[in-house]
Amino acid sequence: MISTESRGLVLDEKLLFEQSQPGRIGYSIAALDVPAVLPESKLLRDDISGFPELSEVDVVRHYTRLSTWNYGVDSGFYPLGSCTMKYNPKVNEAAARLPGFSDLHPHAPDNFSQGALELMYNLQCDLGEVSGFPAMTLQPAAGAQGEFAGMLMIRAWQEAKGEKRNKVIIPDTAHGTNPASAALCGYEVITVPSDGVLSKEAVAAVMDDDVAALMVTNPNTLGLFEADIREICDLVHERGGLVYSDGANLNALMGISRPGDLGIDVMHFNLHKTFSTPHGGGGPGSGPVGVVEKLKPFLPVPFVVQDGDGYKLEYNCPQSIGRMKSFFGHFSILVRAYSYILSMGGTGLKQATELAVLNANYIRARLEGEFDLPYKQRSLHEVVFSEDGLHNDCHTLDVAKRLIDYGYHPPTIYFPLVVHGALMIEPTETESRQSIDEFCDAMLAIAAEAKNSPELLKQAPVRAKVKRLDEATAARKPKLRWNS
Amino acid sequence: MRYLPHTDVEIQQMLDTIGVSSIEELFSGVPEECRLKRPLDLPVGKSESELLGFLRELSLKNITVSTCDSFLGGGAYNHFIPAVVDHLVSRSEFYTAYTPYQPEISQGTLQAIFEFQTLICQLTGMDVANASMYDGASACAEAVLLTVRAGKKRKKVLLSETLPPQYRETVATYCRYLDIELIIIAHANGVTDTAKLQTLLDDQVAAVVVGYPNYFGQVEDLAAIAELTHAVGARLVATVAEPLSLALFKSPGELGADVVVGEGQSFGIPMSYGGPGIGFFAVRKKDMRVLPGRLVGETVDQDGKRGFVLTLATREQHIRREKATSNICSNQGMCILMVSIYLALHGKQGLRSLAELNYAKAAYAKEKIGQLDGFEIAFSGESFNEFVVTCPESPTVLRQRLEQQGILAGIDLVKDYSALENGLLVCVTEQNNREQIDRLTDALAGGDL
Amino acid sequence: MDFPEELKYTEEHEWIMVEGDIATIGITDFAQDQLGDIVFVELPEVGDTLEAGKNLGVVESVKAVSDVYSPLSGEVVEVNEELPDEPETLNNSPYESGWMIKLKVSDMSGLDSLLDVSAYQEFIEND
């Protein structure tokens, strides 16, 4: 049932600092059981100026109210393309909070950390089985850091062979992190055009002895499987290059195809996409990286290995690219991902992929007549429409904002750049047919509104906490903190 | 499977609408030679009760700060977390949301980040803070990159030897293939050697990076280092691994730092075997546009009502691609909440009291251990809640002996600081009561309990 | 959209007004319209030497960045100091208050490669 009529209670809430009352407290601290001493006074700071003073109730109400202005996967359908906003199972949260995990200190010796090491070792093996890579690091903090680690390994491998290559090929449909990560490794970025999918010819035209690697996303950001991937990998390998795969869209491939079997040399995972760990309003992510055997000596240190009947952290790895961050990765996120894999099992993971693809194709079938579909090849886990065909000068942004009034999170918009006014929809497998039907009904209703009453789109959203915000003023006169 | 809602009937209806006869047909775009021709070799899925039982058992193989006496610090700190923190971050409107790219339905996340940015500015004494980085070490590496970017043609960066080793190693990884020369400044008596620093400074230096407090827990003379650094036109990066110290000691901003980065785990984030934590990153106004990472700004909506948006996004990878100020594409959203809730609860007074408590406990332990035969406190300067002990025997052996007694005595410095003879880094927080500290000193003295 | 007759143009959507050996440079009405609300402008400093085809500055909107290239070689003799504080001027008055820099042109032969108004309009229509 589509309705933009019903109402909820949306209340204002001041900033923490605006609610502060001198002398109010929200903490309790154990009594001093040792002699009181202070450092010499010239080192001491004054009051932290402007710092809030609140009671526990103030703080609880503040954040509870803030939460009601947000929209999460638990609030409703969140078809954000390329972000794989699947349901975040609650048992994963319980698992991550087990005190044996959450209270473990990272400097605890290996004999105190056997449970954590075993979990990490098992996760390495399971991710290896899903992806086809024999070696793995769990250290990268997020997908972008995984890309960076992967590209560093490529460069280290080539330099160890005495080669200096300075260019990386990236298709025009790639996420912005790909070129940014390549640049951090000192590479020059060569952009190749793709016509939906990448062709051998397009790669051959730019592949030369200065090219260190090709970075691809498979399936790509249009939801299309790179059908020539094996031959493209062969071509790059013949000229001494390696192939990096952005694993952002692995949710389309589990149990169907393994990047490690296709000639890909390095791939990062996004545990917060494929393996159901929460996006957290922006993070933390987790970006393990799988590599082929020859890149194993270059993995970041430390990593987990078997040691007799137990496990240990391995630091002795002279060709390693080094360390990406403190400690061993986002461990509590790893716990969640491992918990997910154990819940799903091998069969469940494949089923998740199948249903994610089914859902995306169902949306495509229901909306294709009304929304323009620029790439008509068989697509997998997501579908990308353009804004062409919307009436009365309505644009993608207007459709996105109107969806909010219908109770949905908008799809990814204006990406990939190769599609004019892209609307990129990824439903994931955890949405039922009903929720998808209701979303499609809303999309069709909005297309009709564009024709008949476009002002409804232009004014949208009208039901959210705020209306459209003045982003130009925010950028021209940045106000990035509260001041008294 | 309980997360997959489709019934067989629904699947068939959906296939009919699509116009294909089987799910298999939907994968016709994946060439035959790219297919996996066998099932994934993973166990069958576990029920929720089996799963939790299995994971609980695994977790019990770990010995944690709650099941032994721990004096470990070194970049991860055992502080008490009030129940309110986990209660509030468990609100799934927060943790199941994505990055707040659609501001109208993300005002909760956006206002929380704006408040976080403010709290970090207040603590560090700086003008602008971003919406966080992965952790302290990667924030430190990004700070180095910022100073080189902002320092035009300057390519040298001086790192104090007293920076946490994992921070120095991360900086080295980030700079591996960039044209940046990293030079280590030796320490003297546990703090950055300013005489050595002076000989290393010239007009090619983009930045000097020091810990505050440093890895040895020592409080560096930031003002003196700032003066030397600024004299050659370089930037001072202060790196804070234990930010609770900022409630007690003068802020790096007040002492002249140009960039302040650090790790926020101390503020309400479980240690979780080292991650996730949160990197904070603050600068002076002049460097606002070369900041890495996300920023939230205040603005108004069409009705003139206050609201918040992600802003100055043209610095970032999704717009500037290879010319972006960083490749980072996330922030530690969930950890921002933990930190902000923790700081809001403690407030001005609570944070100061807690910092004083940590200082007093560490001072007590320092004094007691210093009195033991053969043990010495390695450095004479002021420290916060960590300090280095020179042991009469190999700290590796000593540590293992104490492990048998359920005590994690500290971090063995032999590997990272071989010049320090028998150095052990001991950390004491409010979580260590007097009995624990006394047990530690007795055990160090050799007494079996 | 407005394209004054007396100005010269480039395919990178800059306009140039030449008086003696001084060239005043800005971005065209078309460029500002494509970018949308301009929020930030970065300009060179007086005394900088610019080379034709190389970077002159940067113009940013909320969600796009555009490099501005110098159409001519020469030395920067004046920059529009108001612009960084009032970047919206580029939207409101691209040819007058929104001028970006004045360049003392070192090689006048560079003028030959600039477009006149009709050539520029034709370029936009075909692009």
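**Exercise 1. State which strands of chain B H12(B) lies across, and describe the sheet they belong to.**

Step 1. H12(B) lies across S13, S14 and S17 of chain B and runs at about 5° to S14(B). Helices (H or I, at least four residues) and strands (E, at least two) are DSSP runs, numbered from the N terminus. Axes are lines fitted to C-alpha atoms, for helices over the stretch in contact, and angles run from 0 to 180 degrees between N-to-C directions. The model is predicted: local features need pLDDT of at least 70, side-chain atom pairs count only at pLDDT 80 or more, and totals for chains, interfaces and linings use all residues. Residues are numbered from 1 along each chain as its sequence is written, while chains are lettered from A and ligands numbered from 1 in the order in which they are written.

Step 2. The open sheet has four strands in the order S13-S14-S17-S16 (chain B), paired antiparallel. Two strands pair if DSSP finds at least two bridges between them.

Step 3. S13 (376–377) and S16 (411–412) of chain B are at the edges with a single partner strand each, so one side of each has no neighbour in the sheet.

Step 4. S16(B) is joined by two bridges to S17 (residues 423–427) of chain B. Ile411(B) has Leu425(B) in S17(B) as its bridge partner.

**Exercise 2. Determine how H12(B) packs against H14(B).**

Step 1. The axes of H12(B) and H14 (residues 434–445) of chain B are 10 Å apart, at an angle of about 20°. The two helices are therefore roughly parallel to each other; angles under 35 degrees count as roughly parallel, over 145 as roughly antiparallel, 65 to 115 as roughly perpendicular and the rest as oblique.

Step 2. Their crossing is right-handed. A crossing is left-handed if the near helix is turned anticlockwise from the far one by less than a right angle, and right-handed if clockwise.

Step 3. From H12(B), Lys361(B), Tyr364(B), Ala365(B), Lys368(B) and Ile369(B) meet Ile437(B), Thr441(B) and Leu444(B) of H14(B). Residues are in contact if their C-beta atoms, placed from the backbone, lie within 7 Å.

Step 4. By class, this contact of H12(B) with H14(B) has five nonpolar, one polar and two charged residues. Ala, Val, Leu, Ile, Met, Phe, Trp, Tyr, Cys and Pro count as nonpolar, Asp, Glu, Lys and Arg as charged, and the others, Gly among them, as polar.

**Exercise 3. Determine how H6(B) packs against H12(B).**

Step 1. H6 (residues 107–124) and H12 (residues 333–370) of chain B pack at about 60°, with axes 9 Å apart. H6(B) and H12(B) are therefore oblique to each other, and H6(B) passes H12(B) in a left-handed crossing.

Step 2. Residues of H6(B) in this contact include Phe116(B) and Leu119(B), and those of H12(B) include Ile336(B) and Leu343(B). The contact comprises eight nonpolar, three polar and one charged residues.

**Exercise 4. Describe the contact between domain 1 and domain 2 of chain B.**

Step 1. The assignment, automatic or from a database, gives domain 1 (69–80 + 349–445) and domain 2 (84–341) in chain B. Their centres, taken over C-alpha atoms, are separated by 27 Å.

Step 2. Domain 1 of chain B contributes 26 residues to the contact and domain 2 of chain B contributes 23 residues.

Step 3. On the side of domain 1 of chain B that touches domain 2 of chain B, H12(B) gives the largest share, seven residues. That side divides into 12 nonpolar, nine polar and five charged residues.

Note on methods
Two residues are in contact if their C-beta atoms, placed from the backbone, lie within 7 Å.
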